[in-house]
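Hi there,

Here is the structure I promised to pass on to you. Have a look at it first, and then read on for what turned up in it.

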Amino acid sequence: MREPLIYGIEEIQKLNESGQQAAEPHLSFVSNSKGCGSIIDISLMVPESVILFVSPPACARHITVYPWQRTGRVFFLEEEEKDIVTGAHLEAIEEAVREILACAKPAPRLLLIGASCIDRLMSSDIENLTRKLSGKYHIPMETVWMDPVIGNAHPQQKLWYKVFSMLEDSRNLLRLDAVNMIGRLRPVQKDSEFYRILRNAGIKTVRHLAQCQTLEEFQEMGRARLNIVGVPFGIQAAKRMEARNGIPYMQAYPTFDPDVVHEMYQNLSHCLGVPLDDGEEYRYTKKRVEKIKNLLRGKSIAVGESYAGMVNSFQMAVDLCKIGLPVKYIFCDGYIGSKKEEITWLSHHSPETQVVIMSHPSMVQVIEKKPLKTDLAIGTHEDWFYGCPDTGWITMEPVQHDTDYASINRFVSKVEECMGAGREGTDEEII
């Protein structure tokens, strides 16, 4: 077996410039947290809906290990090989739909049928079947896809587009004093200054799909003044809403840099045409970030991909380096094609950074023989790669990291806790 797959960032840049999409093609295990599972998360955000997921058992692992399988809104139909080949599973889908509509309580107002790569490969006519069943049973139905192997875009990107395509044309309707958060799996945390700053500027509602209780509330998202896109997966949906609903959009991706948050509020002020005052929060957060720079001087930091926090570990590394926190290791799945800007920046400003291809089979050597040493690990759960029991851990999963000062201050508090340092003041001073 070859040596563990760990590259220097400059090596990664050369591969990226050559047009290579992956650092080294290899077979790898796709965990539930890599994005497929979020198809159910997003589908269940649509209020008053249920979903019937149709797939072989192997694909179903993405939807059968989470609490929402017990909510009474998720149904699973197993596909067998012979039925897929003959198309008999299409008849089984209709029977399953009939049973769901007869037993689901409360009665759904929307039924989603989820399909996987195998039906793409077999060209199963599920979308046409969905339209037929919708007319037959007099209930809106839509087809959604979890097809990372054969699909032409990430499943999350396609599903956000599909969901917001359900909004009715609202270009001629009165605008509401509201903004939408698009593309993120969770709403902005309740302790965020974001709500207060917008409320002080006259924006009454900040709405995320998961907060809609009825289909009527969902339709009101089509009358917002602005869409704020939280991750690239939401861009196509925002463009669709700009064309169909007349809602402009801006991008605001998760960050650890107070300057980026300050710039976000300036852009938001321009898009809404109202003044936004974040001066106090900005100054306070800058001071706290300066303190942890001193705390981490001479320490080694590793960053990894995060499901709920920040999917792109390279962008996380850029942010941390910009605020003066050098990154020793970047854990990633090896896909580098869409990360040229971040890789180029790191190669020029942090040439000592190394990239760990964590899904490669050779990494078993790291686990068994050569554990990596680091003082602080952020957004990565690959603790078996580290042999140092004193490594500080900051997970990005339980609480979503956003483009706001509250997220940065939460992160700073976690760093101080991990490194055993106290601090003066409290987050409540600015929130």
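A residue is called buried when its relative accessible area is under 20%, and exposed when that value is over 50%. Please keep in mind that this is a predicted model.

With that in hand, let's begin with the whole protein. Of its 431 residues, 52% are buried. The protein has 17 helices and 14 strands. Its accessible surface is about 19,800 Å², and carbon and sulfur atoms account for 52% of that area. If you take the contacts between residues at least 6 apart in sequence, 72% of them join residues at least 24 apart.

Next, the inside. The largest nonpolar core has 59 residues, and the ones touching the most other members are Phe194, Leu268, Leu320, Ile378 and Phe411. Helix α14 (residues 313–322) gives the most to this core, namely six residues.

Now find helix α2, which spans residues 38–45. How many of its eight residues are buried? The count is seven, and they are Ser38, Ile39, Ile40, Ile42, Ser43, Leu44 and Met45. Among the elements that cover them are the strands β2 (49–55), β3 (74–78) and β4 (110–116), along with helix α8 (155–164).

Aspartate 147 sits in the loop between β5 and α8. Is aspartate 147 buried or exposed? It counts as buried because its relative accessibility is 0%, and the cut-off for buried is under 20%. Its side chain makes a polar contact of 2.8 Å with the side chain of arginine 120, and another, of 2.6 Å, with the side chain of lysine 158. Leaving out residues up to four places away in sequence, aspartate 147 also touches Ser116, Cys117 and Pro155, among others.

Last, the outside. Valine 85 belongs to helix α4 (residues 81–86). Valine 85 is exposed because its relative accessible area is 63%, where exposed means over 50%. Together with Leu121, Met122, Val149 and Ile150, Val85 makes a nonpolar surface patch of about 500 Å².

Enjoy exploring, and write back with any questions!

Best wishes

How values were computed:
Residues are numbered from 1 along each chain as its sequence is written. This is a predicted model: local features need pLDDT of at least 70, side-chain atom pairs count only at pLDDT 80 or more; totals for chains, interfaces and linings use all residues. Side-chain values use heavy atoms; hydrogens and water are left out. Helices (H or I, at least four residues) and strands (E, at least two) are DSSP runs, numbered from the N terminus. Buried means under 20% relative accessible area, exposed over 50%, partly exposed in between (1.4 Å probe, protein chains only). Contact means heavy atoms within 4.5 Å. Accessible areas come from the Shrake-Rupley method with a 1.4 Å probe; for residues, only the protein chains shown count as cover. Patches are made of residues with over 30% relative accessible area and no salt bridge: like charges are joined within 9 Å, nonpolar side chains (Val, Leu, Ile, Met, Phe, Trp, Tyr) within 5 Å. A salt bridge is a side-chain nitrogen of Lys or Arg within 4 Å of a carboxyl oxygen of Asp or Glu. A nonpolar core is a set of buried Ala, Val, Leu, Ile, Met, Phe, Trp, Tyr and Cys residues joined through side-chain atoms within 4.5 Å. A polar contact is a pair of N or O atoms within 3.5 Å; within protein, one must be able to donate a hydrogen and the other to accept it, and residues adjacent in sequence count only if both atoms are side-chain atoms.
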